[in-house]
Amino acid sequence: MDQLPIRPELLTLPGGAAEHPAAEAELPAEAAFVAAGLEAALRIRAPRVHASTPLVRRLSVQICAQLGLDDRRQQLIDLCARVRDVGMIGLPDEVVLSSSELSPEQWRLINRHPILGADLLEGMLPLRPAAPVVRAHHERWDGGGYPDGLAGEAIPVLSRVIAAADAFVAIASDRPHRRASAADIAMEHITGESGIQFDPRVVDALRATLHGTHRAPGGPAGRPPATGSSSSSTLRRSSQASPSAGASSGSGHGASRLADALTAWTEVPAFAPAHERAMAAATVGGESLSDLVSAVEASTGLTVAVLRAAQRAAGRHPVANVPDAVAALGASGVADAIAEVPRMAFPWRTPDEALLYHLRVHCQTVGRAAQRIAEEVGFPQRDELIAAALLHDVGKLVMARVRGGLAQPLDERRVTPERRVEAEREEMTVDHASLGALLIERWGLPASLSWAVRSHHSSEAGDRMATLLRLADLVAHHSDGHVVDRRVMLRLTHAVGLPVPALRHVLFDLPHAGSQRRRAEPSPLSRRETDALRQLASGKVYKEIAVALGVSASTVRSHLHSTYAKLGVEDRAQAVLRATEMGWI
């Protein structure tokens with residue numbers, strides 16, 4: 001049997017130190033057959049997860065060639081790329097097959113798939129050399145990845161290559177929950193993470209691969225040839241909208257202008273009154289934290305600044321809503337986070353400022369609609385949904401910068417949101433939802449927010465938070481007197497489980513609804529205790545609550561007594577009042 005020896009230098013860059021001790025074992029010829037079997041199992045078990053594998057394999061091999069890695073390492077990375085997500089096979093159905101928002105516990109399970117995959121490969125002699133590469137393919141250059149928190153050169157180079165290729169293909173290819181972004185926009189995102197999430201040398205090699213340049217082993221990249229490389233053309237075909245179409249169209253909107261517009265929004269200005277109110281609340285503390293949450297949510301710029309600061313304060317635990325961000329930072333931390341945010345005051349001096357004010361008014365309306373609908377259907381991540389509502393149209397800032405100040409090519413009072421999005425794609429090959437998601441990713445905010453924003457003009461049932469956000473957006477447009485497709489609104493109403501009479505009440509009440517007092521600290525209650533208390537607040541007795549939750553009456557009693565103790569109250573009336581005041585139910 002032919003043997004392909006895996007030497008220690010196969011896991012190093014030319015001239016670099018070894019990143020991971022290579023296995024002394026050899027890679028037998030049958031390794032490819034075993035990998036094909038595992039890949040087939042993953043394709044059957046989780047077709048969505050597997051969908052990007054062919055492109056990731058091809059791109060990974062070509063990046064390795066750009067880096068000057070030899071044929072054996074190219075063979076090894078081809079094998080590793082095809083089995084990189086095989087650990088997903090070992091996860092429960094509710095995680096692998098879920099089409100709704102994942103819970104924190106489910107995300108923790110997802111984050112274990114590199115470990116499960118590596119353990120599986122370790123037990124298969126032909127694939128054992130791939131195990132350390134698969135285990136590390138979600139590590140980050142800055143050390144913020146998983147599962148081991150490796151950083152820099154400590155990450156196997158083949159893992160670094162797969163990480164960049166996988167991220168690029170994920171952004172540049174169509175997914176069930178969203179349309180593709182342009183390939184050049186995806187590359188711009190990867191470039192923005194160079195030296196942070198990705199190895200800078202790997203990013204340079206990826207860019208050279210996409211631009212069709214050739215770099216001799218260990219040497220600099222050469223001049224681009226007349227035609228693009230096969231990987232670039234393949235990835236462009238996989239994308240719904242080719243970036244080259246936008247660059248060569250009569251509109252003159254090129255990928256470079258989009259990249260410049262994205263970069264321009266490193267910071268979002270805050271409205272001066274909201275900033276003053278937030279700074280005042282931050283200096284008082286205590287119960288005024290709820291006022292601080294409301295002040296932060298009153299301005300997109302403050303929301304972005306506080307959420308970004310909270311990601312650093314919380315470490316590896318993503319913070320996806322303003323109340324949790326305020327709790328993580330504390331009043332003084334919020335003051336520090338917003339102290340240097342640029343401020344804007346009336347009268348608005350620039351088109352950007354006028355657009356920001358227009359977006360603020362609309363997003364505040366969407367946030368109120370989202371909160372009301374979430375309460376009606378019992379959606380548990382209400383604060384996260386509100387954060388997504390406050391950010392859902394930030395991509396229009398990029399669109400306006402590219403167009404030179406025009407936010408929308410069509411009059412939003414007379415054209416449905418769906419038609420306006422189609423016009424954006426026709427004009428620029430990408431819509432504001434995709435650009436907004438890229439901004440959110442650049443700001444380092446949680447993936448759940450970028451996912452919801454990216455999908456808020458396309459989701460109907462695949463992602464519950466995005467579907468709720470889309471419905472809230474339509475309700476807000478209707479409230480503002482804009483044209484909406486009522487058939488779409490009714491489909492979304494059915495998809496989220498909202499009774500039509502309840503929708504009528506939301507439509508009627510929204511123009512007159514004021515902002516509610518926001519919660520300022522995390523709820524001490526478990527999910528079951530919260531569900532039981534909500535049922536209690538609706539007037540149900542223990543037996544009725546037990547039927548609704550599918551548990552025994554004694555279990556309900558235990559949940560509620562635990563709730564009283566945690567809230568420091570003596571009876572149900574006080575518990576409902578306390579939880580309502582704090583925004584926990």
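1. Let's start with the overall picture. Of the 585 residues in the protein chain, 53% count as buried. Please keep in mind as you read on that this is a predicted model.

2. On the secondary structure, the protein chain comes to 31 helices and 4 strands. As for how the chain meets itself, take the contacts with a separation of 6 or more: 67% of them are between residues 24 or more positions apart.

3. If you are browsing its side chains, the buried residues of α4 are R73, Q74, L76, I77, L79, C80, A81, R82 and V83. You will spot two arginines in that list, R73 and R82.

4. Helix α16, residues 289-297, is also worth a look, being mostly covered, with 7 of its 9 residues buried. Those buried residues are L289, S290, L292, V293, A295, V296 and E297. Note that a glutamate, E297, is among them.

5. Next come two helix pairs. Two packed helices are described by the angle between their axes and by the distance between those axes. For α19 (residues 351-377) and α21 (residues 395-403), the axes come within 11 Å and cross at roughly 155°. The angle is over 145°, so α19 is roughly antiparallel to α21. The crossing of these two helices is right-handed.

6. Which residues make the contact between α19 and α21? From α19 they are D352, L355, L356 and L359, and from α21 they are K396, L397, A400 and R401. By class, the residues of this contact divide into 5 nonpolar and 3 charged, with no polar ones.

7. The second pair is α24 (residues 447-455) with α25 (residues 464-479), whose axes come within 8 Å and cross at roughly 50°. That angle makes α24 oblique to α25. The crossing of α24 and α25 is right-handed.

8. To find this contact in the viewer, select S448, A452 and S455 on α24, together with M465, A466 and L469 on α25. The contact of α24 with α25 has 4 nonpolar and 2 polar residues, and no charged ones. The contact of α19 with α21, by comparison, has 3 charged residues and no polar ones.

Conventions
Residues numbered from 1 in each chain as written. Predicted model: local features only at pLDDT ≥ 70, side-chain atom pairs only at ≥ 80, totals over all residues. Heavy atoms only, no water. Axes fitted to C-alpha atoms, helices over the stretch in contact; angles between N-to-C directions. Parallel < 35°, antiparallel > 145°, perpendicular 65-115°, else oblique. Left-handed = near helix turned anticlockwise from the far one by under 90°. Contact = heavy atoms within 4.5 Å. Nonpolar A, V, L, I, M, F, W, Y, C, P; charged D, E, K, R; others polar. Buried < 20%, exposed > 50% of the residue type's maximum accessible area, 1.4 Å probe, protein only.
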